[in-house]
Amino acid sequence: MKQSSQKWPHLVVVAGALIHDGALLVAQRARPPELAGLWELPGGKVAPGETDEAALVRELREELGIGVAVGARLGAEVALSSSATLRAYLVTLIDGALRPNDHRALRWVGVDELDELPWVPADTAWLTQLNTLLR
């Protein structure tokens, strides 16, 4: 039997940095087991045919119950694997009430707490820029 030479599409994951009153919204992962308990910028996978911005708006509505406007890209993209990339964007709250639909907890953190959180490894790529934005 001949193996398919089909190349799987590259997966893009997007994350949103919501800063309000000098604090950053972070979300504590509930799964998978190797990441459970770690903190991250909330977001999710971009569906085929979807833009990064549309995916981030959809994911934050699903995960957090909020509507956002997507702004500038935050730093460089991060390679999660040979077939997946993570990108972060600044987002602004438009409507809704925060609730952790897909996370253990949500928390607002100030600049002094950034380096003390146990972060999902990929999200540490943006800590320097987030530190600057929170000052």
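Me: Which side chain of opposite charge is nearest to Asp123, and how many Å away is it?

Reply: The model is a predicted one. Asp123 sits in the loop between β7 (103–109) and α2 (127–134). Asp123 is buried and has no salt bridge; a salt bridge would need a side-chain nitrogen of Lys or Arg within 4 Å of a carboxyl oxygen. The nearest side chain of opposite charge is that of Arg29, at 7.6 Å.

Me: Leaving aside neighbours within four places in sequence, which residues are in contact with Asp123?

Reply: Asp123 belongs to the loop that connects β7 and α2. With neighbours within four places in sequence left aside, the contacts of Asp123 are Glu40, Leu41 and Leu86.

Me: Which residues does Trp126 contact, its neighbours within four places in sequence being left aside?

Reply: Leaving aside neighbours within four places in sequence, Trp126 is in contact with Leu41, Leu74, Gly75, Ala76, Val78, Leu86, Arg87 and Ala88.

Me: Is strand β1 largely enclosed or largely open, and how many of its residues are buried?

Reply: Strand β1 spans residues 11–20. The criterion for a buried residue is under 20% relative accessible area. The rest of the structure largely encloses β1, because the buried residues among its ten number seven.

Me: How many bridges join β1 to β6?

Reply: β1 pairs with several strands. Two bridges link β1 to the antiparallel strand β2 (residues 23–29), with His20 opposite Ala23, and three link β1 to the antiparallel strand β4 (residues 43–45), where Val14 has Gly44 as its bridge partner. Strand β6 (residues 84–96), by contrast, runs parallel to β1, and Ala15 stands opposite Ala88 there. The number of bridges between β1 and β6 is eight.

Me: Which residue in the hairpin of β1 and β2 takes a positive phi, and near what value?

Reply: The two strands run antiparallel, and two residues lie between them in the hairpin. The residue with the positive phi is Asp21, near 50°.

Me: How many residues apart in sequence are the parts tied together by the salt bridge of Arg61 and Asp95?

Reply: The closest N and O atoms of Arg61 and Asp95 are 2.8 Å apart, and the two form a salt bridge. Arg61 lies in helix α1 (residues 52–64) and Asp95 in strand β6, so the parts that this pair ties together are separated in sequence by 34 residues.

Me: What is the relative accessible area of Glu113, which pairs with Arg107?

Reply: The side chains of Arg107 and Glu113 form a salt bridge with an N to O distance of 3.0 Å. Arg107 is partly exposed at 30% relative accessibility. Glu113 is likewise partly exposed, and its relative accessible area is 25%.

Me: How many salt bridges are counted?

Reply: Side chains of opposite charge can pair when their charged atoms come close. Another such pair is Glu77 with Arg73, at 3.4 Å from N to O. Salt bridges with shared partners also join Glu50, Arg58, Glu59 and Glu62 into one network. The count of salt bridges comes to ten.

Me: What is the radius of gyration of the protein chain?

Reply: The protein chain has two helices and seven strands, in the order β-β-β-β-α-β-β-β-α from the N terminus. The globule rule gives 14 Å for 135 residues, and the chain is close to that, so it is as compact as a globular protein of that length. The radius of gyration is 15 Å.

Conventions: Residues are numbered from 1 along each chain as its sequence is written. This is a predicted model: local features need pLDDT of at least 70, side-chain atom pairs count only at pLDDT 80 or more; totals for chains, interfaces and linings use all residues. Side-chain values use heavy atoms; hydrogens and water are left out. Buried means under 20% relative accessible area, exposed over 50%, partly exposed in between (1.4 Å probe, protein chains only). Helices (H or I, at least four residues) and strands (E, at least two) are DSSP runs, numbered from the N terminus. Two strands pair if DSSP finds at least two bridges between them. Lys and Arg count as positive and Asp and Glu as negative; His and the chain ends are not counted. Contact means heavy atoms within 4.5 Å. The radius of gyration is taken over C-alpha atoms; the globule rule is 2.2 Å times the number of residues to the power 0.38.
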